[in-house]
Amino acid sequence: MKYTFKLLALAALVGCAGDGSIDASIWGEDYIEQGIPAATSAAPEGFENGWSVRYTKFLVNVGALTVAASDGTPGGSLPAVRVYDLHTLRGPLALGTLSGLSPVRYDTVSYRMEPAGDAATAGNATAADVALMRASRYAIYVEGEGTRMGTTVRFRWGFGGTVAFEQCHSSETEVGVAVPSGGVGRAQITVHGDHLFYDDLQSPTARLRFDLIASADANRDGEVTLDELAAVDLTTAPRGQYGVGSRGDVLNLRQFVTTLVATVGHFNGEGHCEERRM
């Protein structure tokens, strides 16, 4: 009887070892879906000097969300890297579920953004958007406009390069994602569209600014191109703005914005990842 009881107990433990799961999703949050307002006394995190910015397209070639545990417990990965338009979402988009997971903390979480190749496929993006990303080998492509007091300045910017977002934290104290026994963990690729407009590459108190970007419109056609940003020497920026910290190789506004692209990836909302440019 004792032997039978031990076998039943062992069987119960084994049965519980793989009954958890992780639901994966992607989201650009309200800033990408609806826009970024001007700063106010009640909401100081908006744009300085009365500007607001609205995206009309925010394409990312992203995926390969992978979870693993440092103790060797098997995890998994999904989905393949695909092209998404985060502006068209209305809330998080489900990417799939990793099932049959043990009830442990998966403390090694990563995903990546990479240039769209000839084999790139759509997540929720249109066929035309996928073709655009393929043709220029973009990892991220954005369209939108900044507005202030009746003035509108458009932008259409595409960026290449691969960035791996690794060692993702759900919060400052929560590494990766925990799977409860018989329960569901959450793993969300969160993209922060406001980062493209920070005025400092490393300061935690960076502000959102559009003045210098708008003034880069050299031909006054109402659209700022990346080539026009490249013509803006950062030494001409207002004092205390557009700090590069230890990045002495960032000399112009195009390089500055391109560097910020690698910071847009987050995890489970405000959680951070280590960025590795590849």
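Biologist: Which residue forms a salt bridge with Arg54?
Modeller: Glu145 does, with the closest N and O atoms 3.2 Å apart. A salt bridge here is a side-chain nitrogen of Lys or Arg within 4 Å of a carboxyl oxygen of Asp or Glu. The pair links distant parts of the chain, since Arg54 is in strand S2 and Glu145 in strand S8, 91 residues apart. Helices (H or I, at least four residues) and strands (E, at least two) are DSSP runs, numbered from the N terminus.

Biologist: What sort of model and numbering is this?
Modeller: This is a predicted model, with residues numbered from 1 along each chain as its sequence is written. Local features need pLDDT of at least 70 and side-chain atom pairs count only at pLDDT 80 or more, while totals for chains, interfaces and linings use all residues; side-chain values use heavy atoms, with hydrogens and water left out.

Biologist: Thanks! Is Arg54 buried, exposed or partly exposed?
Modeller: Arg54 is partly exposed, because its relative accessible area is 37%. The cut-offs are under 20% for buried and over 50% for exposed, with partly exposed in between (1.4 Å probe, protein chains only).

Biologist: How many salt bridges are there by that rule?
Modeller: The count comes to 12. Another of them joins Arg137 to Asp118, where the closest N and O atoms are 2.9 Å apart. That pair also links distant parts of the chain: Arg137 sits in the loop between H3 and S8, Asp118 in the loop between strand S7 (108-113) and H3, and they are 19 residues apart. Arg137 counts as partly exposed because its relative accessibility is 38%, whereas Asp118, at 58%, counts as exposed.

Biologist: And what about Arg247 and Asp249?
Modeller: Their side chains meet in a salt bridge too, at 2.9 Å from N to O. Arg247 is partly exposed at 25% relative accessible area, and so is Asp249, at 47%.

Biologist: Back to H3, then. Which residues in it are buried?
Modeller: In helix H3 (residues 127-136), those are Asp129, Val130 and Met133. They cover an arc of only 100° around the axis, so they sit on the same side of H3. That arc is taken from the directions from the helix axis to the C-beta atoms. As background, an α-helix has 3.6 residues a turn, so residues three or four places apart point the same way.

Biologist: What's on the other side, and what covers the buried ones?
Modeller: Ala127, Ala128 and Ala135 are exposed on the other side of H3. The cover over its buried residues includes strand S2 (52-68), strand S4 (82-85) and strand S8 (140-148).

Biologist: New topic: where does Thr162 lie?
Modeller: Thr162 is in the loop between strand S9 (151-159) and strand S10 (163-166). Thr162 counts as buried because its relative accessibility is 18%.

Biologist: What is Thr162 in contact with?
Modeller: Leaving aside neighbours within four places in sequence, Thr162 is in contact with Met113, Glu114, Pro115, Arg276, Arg277 and Met278. Contact means heavy atoms within 4.5 Å.

Biologist: Last one: how many helices and strands does the protein chain have?
Modeller: Its secondary structure comes to six helices and 15 strands. Of the 278 residues in the protein chain, 46% are buried. The C-alpha trace spans about 85 × 40 × 35 Å along its principal axes.
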